[in-house]
Amino acid sequence: MLPEGQRSREDLLHLVTVALDRLPGSYGDALEWKYIEGLSVAEISTRLGQSVLATQSMLARARTAFREAFRVMAGPEFEQYVPPSAST
């Protein structure tokens, strides 16, 4: 049994999946390709048909959008899942 306020790994995976699905445009796809499939920025830029610089910028915006979507869904427990430097 998990301590009160902690989510199971399955719950977290569900939150991540739903947060990715709710992101605008290609943000969710790009984050999945980068962090789940392990593609390079160059490979992602080829898939998206845009420059490497544009892809780097988009990934930065996508990370911010994901962090906010996850924060809303995780509620007060958010801080325990995200390092303090990444939550600002």
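This is a predicted model: local features need pLDDT of at least 70, side-chain atom pairs count only at pLDDT 80 or more; totals for chains, interfaces and linings use all residues.

**Around T55**

Mentor: T55 is buried, since its relative accessible area is 0%. T55 sits in helix α4. Setting aside residues up to four places away in sequence, T55 touches V41, I44, S45 and Q50.

S45 belongs to helix α3. S45 has 5% relative accessibility, and because buried means under 20%, S45 counts as buried. Beyond its neighbours within four places in sequence, S45 is in contact with Q50, S51, V52 and T55.

Q50 is in the loop between α3 (41–48) and α4. Its relative accessibility is 29%, so Q50 counts as partly exposed. Apart from neighbours within four places in sequence, the contacts of Q50 are S45, T55 and M58. S45, T55 and Q50 therefore touch one another: T55 meets S45 and Q50, and S45 meets Q50.

On the α3 side the contact is made by V41, A42, I44, S45 and L48, and on the α4 side by V52, T55, Q56, M58 and L59. By class, these residues divide into seven nonpolar, three polar and no charged.

Helix α4 also has a contact with α2. Helix α2 (residues 27–36) and helix α4 (residues 52–74) pack with their axes 9 Å apart, at an angle of about 100 degrees. α2 is thus roughly perpendicular to α4. From α2 the residues involved are Y27, A30, L31, K34 and Y35; from α4 they are M58, L59, R61, A62, R63, A65 and F66. This contact has nine nonpolar residues, no polar ones and three charged ones. M58 and L59 are listed in the contact of α4 with α2, and both are also listed in the contact of α3 with α4. M58 is, besides, one of the residues that Q50 touches.

Helix α1 (residues 9–21) comes into the picture through its buried residues. In α1, L15, V18, A19 and L20 are buried. The buried residues of α1 pack against α2 and α4. As for its length, α1 has 13 residues and reaches 18 Å from its first C-alpha to its last, close to the 18 Å expected at 1.5 Å a residue.

Now the whole. The protein has five helices and zero strands, and from the N terminus on its elements run α-α-α-α-α. Of its 88 residues, 30% are buried; T55 and S45 are among them. Residues 24 or more positions apart account for 51% of the contacts with a separation of 6 or more. The accessible surface of the protein is about 5800 Å², and carbon and sulfur atoms hold 55% of that surface.

Key
Residues are numbered from 1 along each chain as its sequence is written. Side-chain values use heavy atoms; hydrogens and water are left out. Axes are lines fitted to C-alpha atoms, for helices over the stretch in contact, and angles run from 0 to 180 degrees between N-to-C directions. Helices (H or I, at least four residues) and strands (E, at least two) are DSSP runs, numbered from the N terminus. Angles under 35 degrees count as roughly parallel, over 145 as roughly antiparallel, 65 to 115 as roughly perpendicular and the rest as oblique. Contact means heavy atoms within 4.5 Å. Ala, Val, Leu, Ile, Met, Phe, Trp, Tyr, Cys and Pro count as nonpolar, Asp, Glu, Lys and Arg as charged, and the others, Gly among them, as polar. The expected span of a helix is 1.5 Å times one less than its number of residues. Buried means under 20% relative accessible area, exposed over 50%, partly exposed in between (1.4 Å probe, protein chains only). Accessible areas come from the Shrake-Rupley method with a 1.4 Å probe; for residues, only the protein chains shown count as cover.
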